[in-house]
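Open the model in your viewer and keep the selection tool handy.

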Amino acid sequence: MNSIIQVPAAGETFAPPVESTAEKLAAQSDGGIHKILQFSIGSFSVADLVQILVTLLVVHLLLKYLVASVRVALGKTALDKGIVGFVVSTLKGLIYISGLTVILEAFGIPATQLVAVIGILGLAISLSIQNFMTNVMSGITILVAKPYQVGDFVEAEGSSGEVKSIGLLYTELLSIEQKVHFIPNSLMASKRLINYSKNNTRKMDCTISISYENNLELAKSIILHILQKDLRVYKNPEPLVRLKAFGSSSIDLVVRAVVDTGLYMDVLYDFNEALFGEFNKAGISFAYPHMDVTMVGERRNSLESLEEK
């Protein structure tokens, strides 16, 4: 039998057919398996199908066992939870990209051509995902600079809550109302942010307004007594109760006390409830906006009656 050798025409280059990994392995096996794997419908062979199925199985096993093992191993180190989550997310992305490359090879698209296409489209893709990359880089900045960590209570962009996770794109906050807020990392890294958990202690700073008719010293002593008998309030520095300002219809007292950060809300709520009860017992009234009005006619009659006397 005469063999036919295909010779490329002038000016053309000869491109050998792309052979998948499964086809290469099939060529080395016995004749029966080789014939089965070479069976094809169009340009898609059984060997290509086997390669895709094996790739999907390997990707599944890597995601299930390798990623879990890495997460457990990093969790035992001193690394921040946000960094652990970032590494795990990156590893998942690499596994998906590797699996996609092998599957595309089964469809006759070599990895070298895939890399070349990605390189050509890189500029266009980078422009279209500019916000995406900004959030990714901001996430890396947050993990390195650590303005906040998982478990901190923060306030940013009009939202406040406990940081549940720091992802590639978003930071997840769980508010006191159990609402989940997703804030882009670019905003968390560039805008004003308050981290209430950065220090172990927090100063309770509030203003109490009482009426001018009340006894100022009595009101101050009641407030101090409530704070001093609360064992959760630090005695050093001592609680502070001072006259802050003279309002249009109230005397404003500033109250400051240092407590543990985790106990701040409990101490504040208990203080408000105790203060309301003690002020009622002592006959001290809280101030509220009001206006005293004197009628002109009534004032003239009052002056005339005083003159007659």
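A word on exposure before the first selection: buried means under 20% relative accessible area, exposed means over 50%, and partly exposed lies in between (1.4 Å probe, protein chains only). This is a predicted model, in which local features need pLDDT of at least 70, side-chain atom pairs count only at pLDDT 80 or more, and totals for chains, interfaces and linings use all residues. Residues are numbered from 1 along each chain as its sequence is written, and side-chain values use heavy atoms, with hydrogens and water left out.

Select Glu157 to begin. Glu157 is partly exposed, at a relative accessible area of 41%, and its phi is positive, about 50 degrees, although Glu157 is not a glycine. Its place is the loop between β3 and β4 (159-166); helices (H or I, at least four residues) and strands (E, at least two) are DSSP runs, numbered from the N terminus.

Next, pick Lys146, in the loop between α6 (130-145) and β3 (153-156). Here too phi is positive in a non-glycine residue, near 55 degrees, and Lys146 is partly exposed at 30%.

Now move to Pro237, in the loop between α8 (216-229) and β9 (240-246).

Finish by selecting Phe153, Ile176, Tyr196, Ser197, Arg202, Thr261, Gly262, Tyr264 and Met265, which line the largest pocket.

Methods. 1 Å grid on protein atoms, 1.4 Å probe; cavity = no way out; pocket = protein on both sides within 12 Å on 5 of 7 lines; lining within 4 Å.
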